[in-house]
Number of protein chains: 2
Amino acid sequence: MVAALVRSTFLVNAVYAESAREYGLTSQQGQLLCVLMAQSYGMGELGAVLGLAKSSLTGLVDRTERNGLVQRKPDPQDSRAVRIALTRKGSKVAEEFYVETCRRIENLTTGLSDADRETLAGLLGGVVEANKVPVVFLEPGGGAGLEHER
Amino acid sequence: MVAALVRSTFLVNAVYAESAREYGLTSQQGQLLCVLMAQSYGMGELGAVLGLAKSSLTGLVDRTERNGLVQRKPDPQDSRAVRIALTRKGSKVAEEFYVETCRRIENLTTGLSDADRETLAGLLGGVVEANKVPVVFLEPGGGAGLEHER
DNA sequence: GGCGGTAGTTCGTCTCGCGAATTGTAAGGC
DNA sequence: GCCTTACAATTCGCGAGACGAACTACCGCC
């Protein structure tokens with residue numbers, strides 16, 4: 001049970017990283033793009049969603065911005081704050097990366113029947129729900145979760 | 001489906017990292033210790049098992065050795081080669097970390113019935129099998145897998 | 001006994017993640 | 001109105017992690 005979970009985790013990690021690499025992204029940058037597909041965020045919110053310290057985020061956004069994928073926009077309501085949004089190039093890359101990554105992950109389950117896939121999704125969904133995982137992929141809105149994250 | 005897999009992956013990652021942190025380890029060092037619990041390895045084999053370039057491994061082993069958890073032993077058959085093995089302290093830490101981490105991961109599934117847990121393990125096991133995931137946790141013997149790793 | 005392949009290390013470079021200190025701005029309190 | 005407190009984000013210094021390319025030392029083999 002534990003072994004299956006841990007090993008499937010490594011599998012998905014590897015697939016995700018591999019897919020990102022092919023789009024010239026790191027896993028973290030890929031994650032950032034996916035989160036931003038839904039909406040723009042301030043640095044603070046983004047830190048909560050991604051489970052990162054704000055100083056970590058500054059660097060990640062810097063590097064991703066340098067690659068022309070995201071941009072910092074001044075927040076009209078609060079001149080201290082900044083909104084991070086995808087650039088046009090970023091939207092394009094995010095979309096392609098997202099679709100391709102989904103395809104590959106879906107592909108991991110080709111050994112299963114449709115019914116099994118259904119069951120697996122349900123069970124995993126239950127585990128995820130029960131443990132308040134932060135929304136790092138798919139689905140906007142939702143919160144930080146993982147109270148013990150750095 | 002994809003979302004459930006990705007999110008459970010983040011969950012397990014977080015739990016693993018958190019557990020490692022409490023034992024003064026990084027995830028990678030934790031992984032290294034778990035792999036070495038079963039047997040000693042040469043650097044080359046270790047690279048294959050963990051999916052790392054050999055230059056990456058040198059650093060990981062260096063740091064872990066510095067912490068007194070593993071040691072490099074000369075290979076009696078081949079004086080170029082080196083066998084990486086746990087020290088006594090390393091064995092102790094590995095064992096405790098392993099048990100605790102299993103406990104926590106098991107804990108993630110407390111929302112499920114025994115039957116569901118059984119089903120989940122079976123399905124995930126199937127996915128893992130079908131995709132030749134390398135043995136990074138539990139179970140010795142077995143191979144490298146993930147041909148497309150960096 | 002010399003030569004090609006193999007095991008590991010070193011080096012330089014980059015990403016990532018953190019905490020502590022810092023800067024600039026928003027908001028309350030009085 | 002001004003001043004303090006609180007908050008948003010960045011900067012800095014550090015260490016881990018990952019890579020490829022170049023290098024060293026050694027095994028085997030012809």
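This is a predicted model: local features need pLDDT of at least 70, side-chain atom pairs count only at pLDDT 80 or more; totals for chains, interfaces and linings use all residues.
1. Ser19(A) itself belongs to helix H1 of chain A, which covers residues 2-22, and its relative accessibility is 0%, so the residue counts as buried.

2. Helix H2 (residues 27-38) of chain A packs against helix H5 (residues 88-107) of chain A at an angle of about 105°, the two axes being 9 Å apart. Because angles of 65 to 115 degrees count as roughly perpendicular, H2(A) and H5(A) are described in that way. From H2(A), the contact draws on Gly30(A), Leu33(A), Cys34(A) and Met37(A), which meet Gly90(A), Val93(A), Ala94(A), Glu95(A), Phe97(A) and Tyr98(A) in H5(A). By residue type, this contact of H2(A) with H5(A) comprises seven nonpolar, two polar and one charged.

3. The contact of H2(A) with H4(A) divides into four nonpolar, three polar and one charged.

4. Chain A contains an open sheet of three strands, ordered E1-E3-E2 and paired in antiparallel fashion. Strands E1 (41-42) and E2 (70-75) of chain A are at the edges and have a single partner strand each, so that one side of each is left without a neighbour in the sheet. The antiparallel pair formed by E2(A) and strand E3 (residues 78-86) of chain A is joined by six bridges, and within this pair Val70(A) has Leu86(A) of E3(A) as its bridge partner. Helix H4 (residues 54-66) of chain A lies across E2 and E3 of chain A, and runs at about 120° to E2(A).

5. In chain B, three strands likewise form an open sheet, in the order E1-E3-E2 and with antiparallel pairing. The edges are taken by strand E1 (41-42) and strand E2 (70-75) of chain B, each of which has a single partner strand, so one side of each lacks a neighbour in the sheet. Six bridges connect E2(B) with strand E3 (residues 78-86) of chain B, the two running antiparallel, and Pro74(B) stands opposite Val82(B) in E3(B). Helix H2 (residues 27-38) of chain B packs on this sheet and touches E1, E2 and E3 of chain B, its direction making about 105° with that of E3(B).

6. For helix H6 (residues 114-130) of chain B, the length can be checked: at 1.5 Å a residue, its 17 residues should span 24 Å, and the end C-alpha atoms are 24 Å apart, which agrees. The buried residues of H6(B) are Arg117(B), Leu120(B), Ala121(B), Leu123(B), Leu124(B), Val127(B) and Val128(B). The elements that cover these buried residues include H1 and helix H6 (114-130) of chain A. Just after H6(B), Lys132(B) adopts a positive phi of about 45°.

Notes: Residues are numbered from 1 along each chain as its sequence is written. Chains are lettered from A and ligands numbered from 1 in the order in which they are written. Side-chain values use heavy atoms; hydrogens and water are left out. Helices (H or I, at least four residues) and strands (E, at least two) are DSSP runs, numbered from the N terminus. Buried means under 20% relative accessible area, exposed over 50%, partly exposed in between (1.4 Å probe, protein chains only). The expected span of a helix is 1.5 Å times one less than its number of residues. Contact means heavy atoms within 4.5 Å. Two strands pair if DSSP finds at least two bridges between them. Axes are lines fitted to C-alpha atoms, for helices over the stretch in contact, and angles run from 0 to 180 degrees between N-to-C directions. Ala, Val, Leu, Ile, Met, Phe, Trp, Tyr, Cys and Pro count as nonpolar, Asp, Glu, Lys and Arg as charged, and the others, Gly among them, as polar. Angles under 35 degrees count as roughly parallel, over 145 as roughly antiparallel, 65 to 115 as roughly perpendicular and the rest as oblique.
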